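Thank you for coming; I would like to walk through one structure with you, part by part. Please have a look at it before I go on.

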Amino acid sequence: MGQNYDYLKKITPEASNLIRGLQAVQAQEGYVSDESIIAVAEYFNTPVVETEGVLSFYAQFKRSKPGKYQICVCDGTACHIKGSSLILDWIITELGIADGETDTAGLFSLETVACLGCCSLAPVLSVNGKVFGNLDRKATMKILKEFKQK
Amino acid sequence: MNDKIKKIKIGMASCGIAAGADDVMALLKEKTGNMAITEVGCFGHCYCEPVVEIETTDGESIIYSHVAANEKSIANVLALGEEGRFEVNPKRKAKELLKVTRLAGVIDPTSYEEYLDNGGYVGLKKALAMSTEKLIDEVKKSGLRGRGGGGFPTGMKWGFLAAKKTEQKILICNADEGDPGAFMDRSLMESVPHQVLEGMLIAAYATGSTRIFIYCRAEYPLAIKHLNIAIEQIKEHKLNIIDGRDIDIFVKEGAGAFVCGEETALIHSLEGQRGTPRFRPPFPTDSGWKGYPTMINNVETFGNIPYLIAEGAESYASVGSEGSKGTKLFALAGDLDNPGLVEVPMGISLREIVFDIGGANPETTKAVQTGGPSGGCIPVELFDSLVDYDSLKALGAIMGSGGMIIIGKNRCMVETARYFLDFTHRESCGKCTFCRVGTKRMFETLERITAGDGVPEDLDFLAEMGPKVIKGSLCGLGQTAPNPVLATLRYYRHEYEAHVNNKQCDVLSCDNLVDVNIDQDKCIKCKLCIKNCPVDAVSDDFVIDNNKCTRCNTCIEVCPKNTIFRVKKGEGFSSE
């Protein structure tokens, strides 16, 4: 132990706030570690297995530390129709990491998400929440290059 | 800067920001010497973003589309130049009917005063002057049906909750817009949060609710922000005190589970549990959140309420078709010129929406997918059908929440079905065997077919398993998951047969059934393909080794002369 979970104290420790607690941990740490699960379980007075059970149900929660720049490639219907799988392929080749992985330098992590809700600009991806739309290969490479140089 | 400029508005909903509106905004501020610029929501024409609207001292409104964050583009706007002026396409203007989205993209979503000045909270005031019985009667008479996809009569649902005599009653706004390809609710929450909240307050009064939850997708940070700002403003003006009840309003963030759009699953999630659905009865209006009577309505349903009450049920019901009243929002995306959000009266034809409003090309359009992964595709031959709850159901599709994906002739329908099953089998919560295992087997079968390994029996299997999954599943997810497969089998069986019998994908979409070749006559030997190929499949004399090639399309994209093509497997290249 040794980490500080004081930020949880803003949330009322009742079972219905369990997901909020996990979200708070992820907002703070970027992911939910084993240690955090135990801390959350203790705070909300729910068994550790149950806490992990809830966590594993929801796609939002990450169990490993994400990169500095989190790339989400949208694979919603509109993006899929417009070739999002190609975008994903290009990024995989360029960064040398698979869907769901983080590179060894901890700079980029890559995941596909169901829909970013910007279907009219399909295909889109987001980097740390900022959405980039109307992508083709050139635009995708430019985005990666820009973040690499940052 | 032209001195006729009175007010500058910029569209800053998610779609605007994604198109670069924040850079445009920064430059506009710089060039106008920090003049106040109003950030408005989405006005529906997403294909035009970034959009800047100028109100002049003459009372004129000039809209500029595709404004770029550069000196020239901004100078043109500030000089009220002719370039880039935007007019709504007259065909669209004639068909659309702006009721729910009347103020979207017009007012500043974070301003309580602007909403008030534009007729906001008139409906609430009128509702509070009525008895609750009269109010519910009004909603019943309007014919409003749930906009989340189910189409249950809203007034009836309200009546169920109102009849409960408990101290605590819970009202939930379902803002877990999980259908990939749908963004109506996002747009409403981002652009007119007060209108959605006004609808909830009216419902809370009618039903005697004591607490309101808004269950919103975490993927919609801007919507959550605007809702929270609006809730603070409501509390400041004490609008949340209704009938002496101090109604608490919370926004709860979902955590990424499609099944949570189902009402009993959503309630479990709100209780901090895994979001699995349960048997009904008891229905949520009998026993919902923590056992209290609970009613769930969708964002767009609430968005309809303020004007329904303000204008009256009769006026509301004068729009729409026999069984479906009012207007409906549709999110158009996919293969069309003008993707975006549109509000039309119910009962309009698909043809009008897709071609006249969406600007899709009738020559190159194959089908439209309504209702997202729970819906079905409707082929272009049937585009004269009307868009309302009952007509779409008859075609094997559903109205759904309003996402419409236009599918072009160059898309493979088997691959489209595979895509939807990939989504639903992963989103299945695992509770019902038929949904958990059945969707997975269907998905695997479709994977095999698109990979060229399908056998004729696979088609029989899909046709047999689909109805079983529908019958054997507890909630809407499983009950609708096979729809995309069954609909494509019904209308595009020949495409399935081409994959299975001839190992061919006629539109050259399925990677395992195509080769990639270079047209040697037109190639200029620039070596860009060789340089960019990630797997070194292009030889020094510009021949692609199709055993090595992963069909990633990189060479096709980088080729400056468009001399690289996908061709049917084993057919080689012919330049005709």
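Predicted model: local features only at pLDDT ≥ 70, side-chain atom pairs only at ≥ 80, totals over all residues.

I begin with Ala223(B), which is found in helix α11 of chain B, residues 221-236. Is Ala223(B) buried or exposed? With 30 C-beta neighbours inside 10 Å, Ala223(B) counts as buried. Leaving aside residues up to four places away in sequence, Ala223(B) touches Arg186(B), Met189(B), Glu190(B) and Cys216(B). From Ala223(B) to Ile449(B) there are 226 residues in sequence, and 40 Å in space from C-alpha to C-alpha.

Ile449(B) brings us to a helix pair, as this residue in α18(B) is among those taking part in the contact with α17(B). Helix α17 of chain B, residues 413-427, and helix α18 of chain B, residues 433-450, pack at an angle of about 150°, with their axes 9 Å apart. Because angles over 145 degrees count that way, α17(B) and α18(B) are roughly antiparallel to each other. The crossing of α17(B) past α18(B) is left-handed, and the residues of their contact divide into seven nonpolar, four polar and five charged.

Finally, I turn to the contact between the chains, which takes 46 residues from chain B and 38 residues from chain A. On the side of chain B that touches chain A, α17 is one of the elements supplying at least two residues, while α1(B) gives the most, with four residues. That side of chain B divides into 25 nonpolar, 13 polar and eight charged residues.

Terms used. Residues numbered from 1 in each chain as written. Chains lettered and ligands numbered in written order. Axes fitted to C-alpha atoms, helices over the stretch in contact; angles between N-to-C directions. Parallel < 35°, antiparallel > 145°, perpendicular 65-115°, else oblique. Left-handed = near helix turned anticlockwise from the far one by under 90°. Contact = placed C-beta atoms within 7 Å. Nonpolar A, V, L, I, M, F, W, Y, C, P; charged D, E, K, R; others polar. Buried ≥ 20, exposed ≤ 12 C-beta atoms within 10 Å, placed from the backbone.
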